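Here is a short report on one protein model and its ligand. Look at the structure first, then read on.

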Amino acid sequence: MNTLAPLETLFEMDGGKDLPLPPNLTTLYGRLQFPSPLGSPHVIGNFVSTLDGIVSLDAQTSGGVISGFNQHDRMVMGLLRAVADVVIVGAGTLRAEPQHLWTADYIYPSLSAEYQQLRANLKKSDPPLNVIVTGRGEIDLNLRVFQSGEVPVLIVTTTNGEHRIRKRGLPQSVRVAAMKGASLLCAQAILDAIGRARQSDIILIEGGPHLMGNFFAEQCLDELFLTLAPQIAGRDNSTERPGLVAGKIFAPEQPLWSTLIGVKRGGSHLFLRYRLSR
Ligand SMILES: NC(=O)c1ccc[n+]([C@@H]2O[C@H](COP(=O)([O-])OP(=O)(O)OC[C@H]3O[C@@H](n4cnc5c(N)ncnc54)[C@H](OP(=O)(O)O)[C@@H]3O)[C@@H](O)[C@H]2O)c1
């Protein structure tokens with residue numbers, strides 16, 4: 001039995017249509033709305049950050065240490081994966097969490113039945129397409145996400161990256177979309193490649209900071225779900241500790257402002273939801 005306390009909704013802007021959450025998830029999260037109708041895929045990001053703006057202690061550690069392995073954060077991650085048609089991550093995030101599968105059940109198994117019910121209510125029969133973005137194509141194809149066949153996978157890469165990947169042999173559940181040009185793929189081209197592979201209403205980006213930087217720079221993001229974990233992680237000059245964007249600068253010339261559309265509280269963790277302009 002799940003013993004998690006419900007999140008407390010402190011503020012919520014009316015935002016469209018209620019998704020058909022099973023009763024248990026409505027109790028835990030409240031209502032979950034998305035704009036309706038969705039003309040094109042609705043692109044959302046989900047991150048957890050410390051109070052001092054850090055999302056990664058170093059390239060090897062997962063987001064779990066940032067949230068303090070917080071159960072509410074996992075529940076929300078699961079909820080967003082359960083409604084997503086596609087989950088996108090960069091190769092750096094895969095390298096930090098090599099055994100990960102980007103499904104609701106994987107991140108919060110104790111609500112597995114509820115997440116499956118929600119997917120069934122949404123008529124989404126398959127798990128979300130797991131998309132891995134890599135310029136170089138230096139990824140380990142022996143990892144669970146590629147080998148287990150538990151999720152369909154699309155690797156979005158460059159033509160050089162594709163060449164490297166195909167040389168090593170592709171499991172059946174894995175497809176590759178390759179693009180000509182520089183090693184840094186543009187966010188819109190990544191979305192277009194995904195659009196050719198799967199028809200989607202909701203596309204979820206789970207980072208990391210370099211991938212996120214491209215999506216912010218091209219204003220390809222509709223919303224950001226941001227968990228604020230009540231820890232101060234600190235910085236010095238020994239290791240890079242990025243915030244949710246790396247490799248891009250916006251302010252002061254082109255600051256990206258957003259609108260707060262939701263605030264929930266679980267203990268001392270805050271669950272913020274922002275609308276961005278595209
Ligand atoms: N706190 C959180 O919510 C959260 C969320 C996600 C990740 N993280 C953490 O962030 C850290 C990793 O950071 P990161 O910035 O390296 O992650 P990342 O953005 O997932 O990975 C960067 C790598 O992804 C590929 N990539 C990203 N954008 C690309 C683009 N536009 N075109 C082509 N390739 C692209 C490149 O791979 P190649 O090098 O293969 O070309 C690049 O080196 C880890 O510690 C992870 O745990 C934290």
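## Around the ligand

Which of the 30 residues around the ligand come nearest? They are Gly90, Gly92, Gly135, Gly207 and Gly208. Keep in mind that this is a predicted model.

Now take the whole shell by class. It has 14 nonpolar residues, 13 polar ones and three charged ones. Several elements of the fold contribute. Strand β4 (42-50), strand β5 (86-90), helix α4 (91-96) and helix α10 (209-217) each supply at least two residues of this shell.

## The sheet

How many strands form the open sheet? There are 10. Their order is β1-β11-β12-β10-β4-β9-β5-β6-β7-β8, and the pairing is mixed. Strands β1 (8-12) and β8 sit at the edges, and each of them pairs on one side only. From one strand to the next, the twist averages 20°.

Strand β4, which supplies residues to the ligand shell, also has a place in this order, between β10 and β9. Its pairing with β9 (residues 202-205) is parallel and rests on four bridges. In this pair, His42 stands opposite Ile202 of β9.

## A β-α-β unit

Go to the β8 end of the order. Strands β7 (residues 153-158) and β8 (residues 174-179) pair in the parallel sense, with six bridges between them.

What do β7, helix α8 and β8 make together? They make a right-handed β-α-β unit, with α8 covering residues 159-167. The helix lies across both β7 and β8. Its direction is at about 130° to β7.

## A closer look at Gly135

Gly135 is one of the residues that come nearest to the ligand. Where is it in the fold? Gly135 has its place in the loop between β6 (129-133) and α7 (144-147).

Is Gly135 buried, exposed or partly exposed? It has 19 other C-beta atoms within 10 Å, so it counts as partly exposed. Buried would take 20 or more.

Which residues does Gly135 contact, leaving aside neighbours within four places in sequence? They are Thr157, Thr158, Gly161, Ser183, Leu184 and Leu185.

Gly90 is another of the residues nearest the ligand. Gly135 and Gly90 are 45 residues apart along the chain, and their C-alpha atoms are separated by 9.4 Å.

How values were computed: Residues numbered from 1 in each chain as written. Predicted model: local features only at pLDDT ≥ 70, side-chain atom pairs only at ≥ 80, totals over all residues. Near = placed C-beta within 6 Å. Nonpolar A, V, L, I, M, F, W, Y, C, P; charged D, E, K, R; others polar. Pairing = 2+ DSSP bridges. Right-handed = clockwise from strand over helix to strand, strands pointing away. Axes fitted to C-alpha atoms, helices over the stretch in contact; angles between N-to-C directions. Contact = placed C-beta atoms within 7 Å. Buried ≥ 20, exposed ≤ 12 C-beta atoms within 10 Å, placed from the backbone.
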